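Take a look at the protein below. Then read on for a short tour of a few of its features.

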Amino acid sequence: MKTSEIDNKKYEKELYNKGYKLIAGVDEVGRGPLVGPVVVACVILPKDFFLEGLTDSKKLSEKKREQFYDIIMEQAISVSIGIKDENVIDEVNIYEATKLAMYEAIETSKVKPDYVLIDAMKLENLDVPSLSIIKGDLKSISISAASVIAKVTRDRMMYELDKLYPMYNFKKNKGYPTKEHVIAIEKYGILKQHRKTFKPVSNYLNIMYNK
């Protein structure tokens with residue numbers, strides 16, 4: 001067994017030894033952007049699943065993420081997605097919207113997990129046991145897989161938005177508050193997909209309303 005496999009299967013191995021069979025990894029992408037949804041993936045992997053190099057999606061190249069996405073989608077027992085758009089984010093705040101997306105991803109899984117491993121956040125209302133792991137996308141193969149699925153899913157959504165509004169260059173910045181993105185807001189205004197409660201979007205709105 002490879003060292004990397006031992007390292008990122010530590011939590012799963014302990015749970016398998018306790019009798020759990022369907023362990024889900026849950027992770028989110030998109031808490032920081034100014035535009036678009038927060039996306040959560042819930043992934044249940046086979047017990048013998050191993051993918052050399054699988055880790056936090058942010059540490060992988062886009063090409064590698066796409067490759068891993070296809071492998072995970074093909075081999076996973078279950079993959080489900082939770083999405084909460086900018087309207088929900090503005091209504092309940094990004095933290096609560098992320099939790100709602102996590103519940104949605106878990107509840108829509110075609111196979112019900114018997115244990116859930118979650119990156120950083122705690123979900124108090126699950127009907128199965130769960131564990132919140134700080135930097136879980138680096139420590140758990142299930143959460144790493146969820147990280148990749150969520151990242152690729154959201155990035156593809158941003159590519160589609162970029163086709164509609166190329167002046168914001170979402171294909172590059174993915175909606176995050178880069179200098180280029182902020183300048184585009186000042187030049188072209190905000191879109192319905194922008195999060196109205198996020199600065200500097202909210203600052204722009206205040207200026208427009210007070211003119």
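This report covers a cavity, one arginine and a pair of strands.

## Ground rules

This is a predicted model, where local features need pLDDT of at least 70, side-chain atom pairs count only at pLDDT 80 or more, and totals for chains, interfaces and linings use all residues. Residues are numbered from 1 along each chain as its sequence is written, and side-chain values use heavy atoms, without hydrogens and water.

## The cavity

A search of the whole structure finds one cavity of 30 Å³ or more. A cavity is a set of points on a 1 Å grid over the protein atoms alone where a 1.4 Å probe fits but cannot get out.

Lining residues have an atom within 4 Å of a point. Among them are Tyr-16, Leu-45, Phe-49 and Ser-142. Six are nonpolar, one is polar and three are charged (Asp, Glu, Lys and Arg count as charged; Ala, Val, Leu, Ile, Met, Phe, Trp, Tyr, Cys and Pro as nonpolar; the others as polar). Helices α2 (10–17) and α7 (141–164) each supply at least two of the lining residues. Helices here are DSSP runs of H or I with at least four residues; strands are E runs of at least two.

## Arg-65

Arg-65 is found in helix α3 (residues 62–75). Why does Arg-65 count as buried? Its relative accessibility is 10%, and buried means under 20% relative accessible area (1.4 Å probe, protein chains only). Beyond its neighbours within four places in sequence, Arg-65 is in contact (heavy atoms within 4.5 Å) with residues including Ser-57, Val-148 and Asp-155.

## Paired strands

Strand β2 (residues 38–44) and β3 pair in the antiparallel sense over seven bridges; pairing needs at least two DSSP bridges. Ile-44 stands opposite Ser-78 in β3.

Notes. 1 Å grid on protein atoms, 1.4 Å probe; cavity = no way out; pocket = protein on both sides within 12 Å on 5 of 7 lines; lining within 4 Å. Points joined across faces, edges and corners; volume = space filled by probe spheres on them. Buried < 20%, exposed > 50% of the residue type's maximum accessible area, 1.4 Å probe, protein only.
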